[in-house]
Amino acid sequence: MTKDWKTRTKLVHEGVRRSQYGEMAEAIFLTQGFAYPSAEAAEARFIKAGEDEFIYARYGNPTVRMFEDRIAALEGTEDAFAAASGMAAVNGALVSMLRAGDHVVSARALFGSCLYILEEVLGRYGVEVTFVDGTDLDQWRAAVRPGVTKAVFFETISNPTLEVIDIRAVADIAHAAGALVVADNVFATPVYSRAAELGADVVVYSTTKHIDGQGRALGGVICGRREFIRKTVETYMKHTGGAMSPFNAWVMLNGMVTLDLRCRAMSDSAARIAAALDGDRRLSRVIYPHLPGHPQHALAREQMEEGGTIVTFDIAAGKEAAFRFMNALKIVLISNNLGDAKSIATHPATTTHQRLPDDQKARLGITPGLIRLSVGLEDAGDLIADLRQALDRI
Ligand SMILES: *Cc1c(COP(=O)(O)O)cnc(C)c1O
């Protein structure tokens, strides 16, 4: 790794492996296996594979390795393991290190599938999970058990209400108890938020979101120390089949080239949209981490260089009005992805968080009028005009 390169240089050049042809663009090694020059070479590779030696695509592949090296350089971790999806990455990071009798503390405000792993899967295998309000440091302090708590888990910016977790403070509490910090950093993006620098031991991304950035392919990645990635994570992932496909790794490598430019442009537009909507009397709240009215505004400014690409707002008149608003949008599409070049409106209460019982929805602030807007690469003025004309139709 070339530590003194700035982000944009890393995003274009890090991790490149060229074949004997000297190709400019990263090659897609669309192969599941690798031929050995001799039986002795095969034996040697199974004993210990060298830097440029691969065995089977479930274990590793040159295109996938290029992507892993590029994102590890960006995040500032020693290594990374690419997974088939964001959920394969979250599952792999947690299950690979936990065993029956271990204890985990997790923030309560989580992406639905993350909640499934922590609430249902881990418990089934004898791992106890305590849920806390992630923004309340006293609850983290009270929940960790020195020597017993093996991991803490949280989304650095929660979905969909954009709560900001104090990474450094939670990491200090976890480390004092001997626990590893696993942070899902999707909403904050690796561009303007450095979770590893702030104390996260393991940083997980769904690369389906900003890293692809054009809504094409599923992917995930686990970033961390080399020992943890290659011994704990890789061992689990290579035998359970959660590896990223070489084609998807190639899509992600290309996504990374423009990641910094896209995230900053989308975040600039999101900030403008949040400011334009803030104070509209038809909205009971506009949530955006860098808006002065955000409950953790100071922390968000300190921890994130930019406010992010998501704006969440609550249409005061409720579900029917929220649906009329969504149906009136002309540019913004109705879907449930985020981080895409195309702006997307989501109604969490009836889609991504439909499964949650009403009392949990209320506790997480997922009200009937809540809209999550993922801001894309369109002109910000056009987007503001689209949102305003749709609000006029509620
Ligand atoms: C989308 C998402 C995931 C899951 O990623 P997939 O690629 O869809 O499996 C996990 N965590 C967060 C915060 C997400 O937004």
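## Salt bridges, cysteines and a helix contact

Arginine 230 and glutamate 234 meet through their side chains in a salt bridge, at 2.7 Å from N to O. The model is a predicted one. Both residues belong to helix H8 (residues 226-240), where arginine 230 and glutamate 234 are four residues apart, about one turn of the helix. Arginine 230 and glutamate 234 are both buried. The pair is also part of a network of salt bridges that links Arg65, Glu68, Asp79, Arg226, Arg230 and Glu234. The count for the model comes to 24 salt bridges.

Another of these pairs is formed by arginine 264 and aspartate 260, with the closest N and O atoms 3.2 Å apart. Arginine 264 and aspartate 260 are separated by about one helical turn, because they stand four residues apart in helix H10 (residues 259-277). Arginine 264 and aspartate 260 are both buried.

Aspartate 69 forms a salt bridge with arginine 17, and here the closest N and O atoms are 3.7 Å apart. This pair links distant parts of the chain, 52 residues apart: aspartate 69 is in helix H3, while arginine 17 is in the loop between helix H1 (7-13) and helix H2 (39-47). Are the two partners buried or partly exposed? Aspartate 69 counts as partly exposed, at 23% relative accessibility. Arginine 17 is buried, with a relative accessible area of 14%.

| Residue | Partner | N to O distance |
|---|---|---|
| Arginine 230 | Glutamate 234 | 2.7 Å |
| Arginine 264 | Aspartate 260 | 3.2 Å |
| Aspartate 69 | Arginine 17 | 3.7 Å |

Helix H3 also takes part in a helix contact. Two packed helices are described by the angle between their axes and the distance between the axes. For helix H3 (residues 62-75) and helix H9 (residues 246-257), the angle is about 35° and the axes are 8 Å apart. The crossing in which H3 passes H9 is left-handed. On the H3 side the contact is made by Thr63, Val64, Met66, Phe67, Arg70, Ile71 and Leu74, and on the H9 side by Pro246, Ala249, Trp250, Met252, Leu253, Met256 and Val257. Of the residues in the contact of H3 with H9, twelve are nonpolar, one is polar and one is charged.

How many disulfides are there? The count comes to zero. A disulfide would need two cysteine sulfur atoms within 2.5 Å. For cysteine 114, the closest cysteine sulfur is that of cysteine 223, and the two sulfurs are 15 Å apart, so they are too far from each other for a bond. Cysteine 114 is buried, with a relative accessible area of 1%. Cysteine 263 likewise counts as buried, at 0% relative accessibility.

Histidine 347 is found in the loop between strand S11 (344-346) and helix H13 (358-363). Its relative accessible area is 3%, and histidine 347 is therefore buried, since the buried class covers values under 20%. Which residues does histidine 347 touch, not counting those up to four places away in sequence? Histidine 347 touches Lys319, Ala322, Phe323, Met326, Pro368, Leu370 and Ile371.

Terms used:
Residues are numbered from 1 along each chain as its sequence is written. This is a predicted model: local features need pLDDT of at least 70, side-chain atom pairs count only at pLDDT 80 or more; totals for chains, interfaces and linings use all residues. Side-chain values use heavy atoms; hydrogens and water are left out. Buried means under 20% relative accessible area, exposed over 50%, partly exposed in between (1.4 Å probe, protein chains only). Axes are lines fitted to C-alpha atoms, for helices over the stretch in contact, and angles run from 0 to 180 degrees between N-to-C directions. Helices (H or I, at least four residues) and strands (E, at least two) are DSSP runs, numbered from the N terminus. A crossing is left-handed if the near helix is turned anticlockwise from the far one by less than a right angle, and right-handed if clockwise. Contact means heavy atoms within 4.5 Å. Ala, Val, Leu, Ile, Met, Phe, Trp, Tyr, Cys and Pro count as nonpolar, Asp, Glu, Lys and Arg as charged, and the others, Gly among them, as polar. A salt bridge is a side-chain nitrogen of Lys or Arg within 4 Å of a carboxyl oxygen of Asp or Glu.
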